[in-house]
Amino acid sequence: ARRCLLQRLTAGAELLALDSHGCAALGAALVDSALTEEVLNLARRLVEGPNLLVEMACLRHGQRAVKEVLELLEGRELDSAHRQLAAGAGRLHTSRYGKVVARNLAIKASRRIDLDVVLRNQKAC
């Protein structure tokens, strides 16, 4: 039953992502660790939608869903999500909830840059 529900949420993800209550449902579904593959498919679907993560981030319950997406994805998919959010930074900064996502993204980026500097310095030694 949960698998079927996740598949239906994935199919309607683009519409649900544009509504605060829909984002609440998506956010809850994204933390379902029992169905890893279905949850990953949902996260991927949300990244595929043009500017979808940015619009979600600006909604009350959407910021939680975006946080979950960023925690689930790795590699190129995570890079794609970060690029989408970075491209929508202007929109994020005009929203009460989007500002939270933008701030968290900036913190993660600064940590990543700091780690890259440390790793480069270790290689130089």
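In the predicted model, Thr-10 is buried, with a relative accessible area of 12%, a value that falls under the 20% limit used for this class. The residue is placed in helix α1, which comprises residues 2-11, and a polar atom of the Thr-10 side chain lies 2.8 Å from the backbone oxygen of Leu-6. When residues up to four places away in sequence are not counted, Thr-10 touches Glu-38, Asn-41, Leu-42 and Arg-45.

These contacts of Thr-10 belong to the packing of α1 with helix α4 (residues 36-48), in which the axes are 9 Å apart and the angle is about 10°. Because angles under 35 degrees count as roughly parallel, α1 and α4 are described as roughly parallel to each other. On the side of α1 the contact is made by Arg-3, Leu-6, Leu-9, Thr-10 and Ala-11, and on the side of α4 by Glu-38, Val-39, Asn-41, Leu-42 and Arg-45. By residue class, the contact of α1 with α4 consists of 5 nonpolar, 2 polar and 3 charged residues.

Cys-58 is located in the loop between α5 (52-57) and α6 (62-72). With neighbours within four places in sequence left aside, Cys-58 is in contact with Arg-91, Leu-92, Ser-95, Tyr-97 and Gly-98. The C-alpha atoms of Cys-58 and Lys-99 are 7.9 Å apart in space, although the two residues are separated by 41 residues in sequence.

Notes. Residues are numbered from 1 along each chain as its sequence is written. This is a predicted model: local features need pLDDT of at least 70, side-chain atom pairs count only at pLDDT 80 or more; totals for chains, interfaces and linings use all residues. Side-chain values use heavy atoms; hydrogens and water are left out. Helices (H or I, at least four residues) and strands (E, at least two) are DSSP runs, numbered from the N terminus. Buried means under 20% relative accessible area, exposed over 50%, partly exposed in between (1.4 Å probe, protein chains only). A polar contact is a pair of N or O atoms within 3.5 Å; within protein, one must be able to donate a hydrogen and the other to accept it, and residues adjacent in sequence count only if both atoms are side-chain atoms. Contact means heavy atoms within 4.5 Å. Axes are lines fitted to C-alpha atoms, for helices over the stretch in contact, and angles run from 0 to 180 degrees between N-to-C directions. Angles under 35 degrees count as roughly parallel, over 145 as roughly antiparallel, 65 to 115 as roughly perpendicular and the rest as oblique. Ala, Val, Leu, Ile, Met, Phe, Trp, Tyr, Cys and Pro count as nonpolar, Asp, Glu, Lys and Arg as charged, and the others, Gly among them, as polar.
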